[in-house]
Amino acid sequence: MTTAAIRWGIIGCGNVTEVKSGPGFSKTPNSALIAVMRRDGEKARDYAERHGVPRWYDDAAKLIADPDVNAVYIATPPSTHKRYALMSIAAGKPVYVEKPMAMDHAECEAIIHAGKQANVPVFVAYYRRSLPRFQKVRELIFGQQAIGKPRIVNTVLYEPHHRRYHDPANLPWHVVPEISGGGVFMDIGCHTLDIIDWLFGPIVAVDGQASNQLGAYSVEDGVAMSFAFGNGMLGTGIWNFDSFKHHDQIEVIGDKGRIAFATFGDGPIHVETADGSHEYRVANPSHIQQPLIETIVAELTGKKGACPSTAESGARTSWVMDQVLRQYRQESGQAIGG
């Protein structure tokens with residue numbers, strides 16, 4: 001399904017759309033942002049006026065029905081991803097949905113099935129797959145074979161308990177399970193899991209534990225997991241959100257060296273071999289989702305190439321998180337998805 005130009009509508013024009021994604025739709029060739037929606041109509045109008053968007057709505061169904069909108073970006077919390085994705089697919093409009101793709105893998109599967117049945121493309125906002133910084137990581141590992149053959153991958157992210165979680169009566173949606181599907185691990189840990197999927201292929205087996213040590217909210221604040229890829233590589237992952245400082249690292253060990261880099265920010269990429277240590281720095285673009293948006297627009301307009309972040313790849317990350325969180329969800333009585 002191809003068209004000459006993509007005219008986007010955004011459902012949920014919140015913080016993520018201010019700089020990370022929203023401007024990228026208009027700055028991409030053959031693409032324009034023509035409508036936005038937010039349940040609070042005044043906030044939708046304000047966003048439209050500040051960003052030069054010609055139309056705004058307070059009803060998602062009306063935005064999807066707009067005949068000039070031919071692609072929809074869903075930037076709401078995960079609890080509404082499935083509903084809005086299915087509505088957009090039913091209208092024949094390609095979908096770009098924020099991460100995580102949905103509340104759980106079952107919801108992802110429902111979106112994939114609907115998209116295939118209607119022949120409507122679905123993409124997921126795992127935008128690191130298109131960032132120059134991670135392209136450099138991939139080129140070092142597989143193009144230059146800087147560390148030889150990759151053998152294992154270890155990921156770790158820990159950070160202090162954020163003050164925004166101090167008021168139990170006014171918790172952000174990221175830690176409200178009926179809206180988010182999980183805790184901060186699900187909100188940001190998914191980016192790390194998606195990157196290692198992109199680098200090394202799907203995780204085919206996973207085991208893990210989740211716990212809540214601080215008790216500031218009902219969802220997990222710590223996760224530990226081990227996993228295996230189809231190519232025989234093994235890996236581990238640790239996340240904790242009540243630690244004394246911030247630390248973020250993905251470490252890949254090969255038979256001839258080691259490469260280490262962070263999921264977030266644009267810090268240096270470290271490579272260590274028998275010949276010594278090297279550092280590479282690649283800055284992130286101002287609108288961090290724009291490189292991925294460009295691949296979506298190129299695919300939808302019939303240009304060369306395809307978007308690397310598909311519904312199928314997005315669903316794989318949700319499957320991994322489901323395996324890790326299943327026992328914790330059961331023990332804490334959290335019913336997710338539907």
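Predicted model: local features only at pLDDT ≥ 70, side-chain atom pairs only at ≥ 80, totals over all residues.
View 1. Leaving aside residues up to four places away in sequence, the contacts of Q334 are P177, S218, V219, Y328 and R329. The C-alpha atom of Q334 also lies 8.0 Å from that of E178, although 156 residues separate the two along the chain.

**View 2. The six-stranded open sheet, ordered β3-β2-β1-β4-β5-β6.** Pairing in this sheet is parallel. The edges are taken by β3 (55-57) and β6 (122-124); each has a single partner strand, so one side of each is left without a neighbour in the sheet. On average, and ignoring direction, neighbouring strands are turned by 25° against each other.

**View 3. Strands β1 and β2 with helix α2.** Strand β1 (residues 6-11) runs parallel to β2 (residues 31-37), and six bridges connect them. Within this pair, W8 has L33 of β2 as its bridge partner. Helix α2 (residues 41-51) lies across β1, β2 and β3. The angle between α2 and β3 is about 160°.

**View 4. Strand β10 between two pairings, with β7 and with β9.** Strand β7 (residues 150-158) and strand β10 (residues 234-240) are parallel and share seven bridges. In β10, G235 stands opposite V153. The pairing of β9 (residues 222-229) with β10 is antiparallel and also comprises seven bridges. Here S226 is bridged to T236 of β10. β9 and β10 make up a hairpin with four residues between them. In the turn, G232 has a positive phi of about 100°.

**View 5. The cysteines C108 and C190, whose sulfurs are 11 Å apart.** The disulfide count is zero. C108 is buried, with 0% relative accessibility, and C190 is likewise buried at 0%.

Note on methods: Residues numbered from 1 in each chain as written. Heavy atoms only, no water. Pairing = 2+ DSSP bridges. Contact = heavy atoms within 4.5 Å. Disulfide = S-S within 2.5 Å. Buried < 20%, exposed > 50% of the residue type's maximum accessible area, 1.4 Å probe, protein only. Axes fitted to C-alpha atoms, helices over the stretch in contact; angles between N-to-C directions.
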